[in-house]
Number of protein chains: 2
Amino acid sequence: MQSKYTVQSYISYSLATAHRKIHTSLTRRLKEFGVQVEAWRIMEILETETDFTMGDLAEVVLMNPPTLTKLVDRMVSDGIVHRRIANRDHRQVNLVLTELGLKRIHQIREQVQIEDDEIFRRIGSEKAKMLHTILTEIGDLDLQ
Amino acid sequence: MQSKYTVQSYISYSLATAHRKIHTSLTRRLKEFGVQVEAWRIMEILETETDFTMGDLAEVVLMNPPTLTKLVDRMVSDGIVHRRIANRDHRQVNLVLTELGLKRIHQIREQVQIEDDEIFRRIGSEKAKMLHTILTEIGDLDLQ
DNA sequence: TGAATTTAGTTGACTTGGAAAGTGTTTTCA
DNA sequence: TGAAAACACTTTCCAAGTCAACTAAATTCA
C-alpha cells in the first residue's frame, strides 16, 4: 500500500488501471462490430431477461438514466433492440432484442469467445476466483 | 464465475462495478472542492515529482494526451498548476504546483484523510493486500 | 374522489473524453 | 550538414456522460 496517496485515491486508481486495460481491450475488439461495451453488456442481459425495465438495467449496468436512454436510442436506431411499453405500468419501458440483435450477439460471441479462453488462462482460474471474491465484497461496500 | 457472459465482459463489468463505487464516492467528495478525481491524482503526483512531463503523467494516470492537455488547461485556469517548458527538450512541458495548488492539497487531504481510515478498515488490511496483489498482476497483463 | 406527491423515463444545455490531424522541436542518417 | 523521420504536445471536431428540468403515469391520502 503506497502511503503518500490517500487510500481512496490509490484504490480508485488501481482499480481503474486494471479495469481500463481489460475495458480498452474489449472496447477495441467490440468496435469492429460497431458495438459499445455497455451495449454489449445490455445485449447479453436481454438475451435471458425479457422484462427488464430501463430502471432495472440502469441499476445493473450502473449507468445514469439519461446516459442509458441515449445509449438505448443508439441501439434502437441501429436496429438491435426496440422499446416496448410495459403492460403493468405504462411509464415503464421493456427492451426487446430484435432478430438482428440476436444475430449480432452470435456473430460477436463467436469471435470474442476465442480470445476469452486465452485471457482466462492468463489470469489463471485461482486468481480469477480471488478476484471475483474480492470484487464482490468490495462491490458490497456501502460507500455513502 | 458466471458462464453465460464472456469472460472479458464479466471481468470488465466486475471491475467497473467495484471501481465505480469507490470512484463515485471520491468524486462526490472532491467535487465539494471543485476538483476532478484525475486532477486530484495529478496533484498528489506533482507534490513529490517535480520533473514529470505531460507524457509521463499521461502514462501514469492512464489518460490520452489530448484529454490530459484539456484537464491541465482547466487546472491552469484554476490556478492550481502552471506549465513550464522543459530545459533539456523544448517540446516537453513540466507541470508545477502553484502556491494555491499546494494549499488546496492540504485543505482537501485534511478532509478526505479522515474517511480514509474508515474505508481502509471496512475493506480490511488483508483484503486490501490481496486486492493490491491481484490488481498489480492483472495490471501487468498485456492485453494486446 | 381528486389534488398533491411520487415515480419512470426523456430532453436539453453543458462538460468531458477520444481519434486524427496539426505545430514546432529534436533526432537520425545519407 | 541538412532533408526526412520521429517525437511531445496541442487543436479540432465529434461522441458520450452528467445535471437539472420536464412529461406523463401511478400512487397517496385528506
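This is a predicted model: local features need pLDDT of at least 70, side-chain atom pairs count only at pLDDT 80 or more; totals for chains, interfaces and linings use all residues.
In α4 of chain A, the residues A:L68, A:L71, A:V72 and A:M75 are buried. These residues lie on the same side of α4(A), because they cover an arc of only 100° around the axis. On the other side of α4(A), A:K70 and A:S77 are exposed. Which elements cover the buried residues of α4(A)? The cover includes α2 (37-48), α3 (54-60), β1 (81-85) and β2 (93-97) of chain A. Just after the helix, A:G79 takes a positive phi of about 80°.

Strand β2 of chain B, residues 93-97, is mostly covered, with 5 of its 5 residues buried. Both of its faces are covered: B:V93, B:L95 and B:L97 are buried on one side, and B:N94 and B:V96 are buried on the other. Strand β1 of chain B, residues 81-85, pairs with β2(B) in the antiparallel sense over 5 bridges. Within this part of chain B, B:H82 stands opposite B:V96 of β2(B).

Attention now turns to charged side chains. Over all chains, the structure holds 8 salt bridges. One of them joins B:R83 and B:D73, whose closest N and O atoms are 3.0 Å apart. Since B:R83 lies in strand β1 of chain B and B:D73 in helix α4 (residues 65-77) of chain B, the pair ties together parts that are 10 residues apart in sequence. B:R83 is partly exposed, with a relative accessible area of 35%, and B:D73 is partly exposed at 36%.

Another salt bridge in chain B links B:E47 and B:R109, with 3.2 Å between the closest N and O atoms. B:E47 belongs to helix α2 (residues 37-48) and B:R109 to helix α5 (residues 99-123) of chain B, so this pair ties together parts that are 62 residues apart in sequence. B:E47 counts as partly exposed at 28% relative accessibility, whereas B:R109 counts as buried at 17%.

In chain A, A:E44, A:E47 and A:R109 are linked in a network of salt bridges. The side chains of A:D89 and A:R91 also meet in a salt bridge, at 2.9 Å from N to O. A:R91 is exposed, with a relative accessible area of 73%.

Note on methods: Residues are numbered from 1 along each chain as its sequence is written. Chains are lettered from A and ligands numbered from 1 in the order in which they are written. Side-chain values use heavy atoms; hydrogens and water are left out. Buried means under 20% relative accessible area, exposed over 50%, partly exposed in between (1.4 Å probe, protein chains only). Helices (H or I, at least four residues) and strands (E, at least two) are DSSP runs, numbered from the N terminus. The arc is that of the directions from the helix axis to the C-beta atoms. Contact means heavy atoms within 4.5 Å. Two strands pair if DSSP finds at least two bridges between them. A salt bridge is a side-chain nitrogen of Lys or Arg within 4 Å of a carboxyl oxygen of Asp or Glu.
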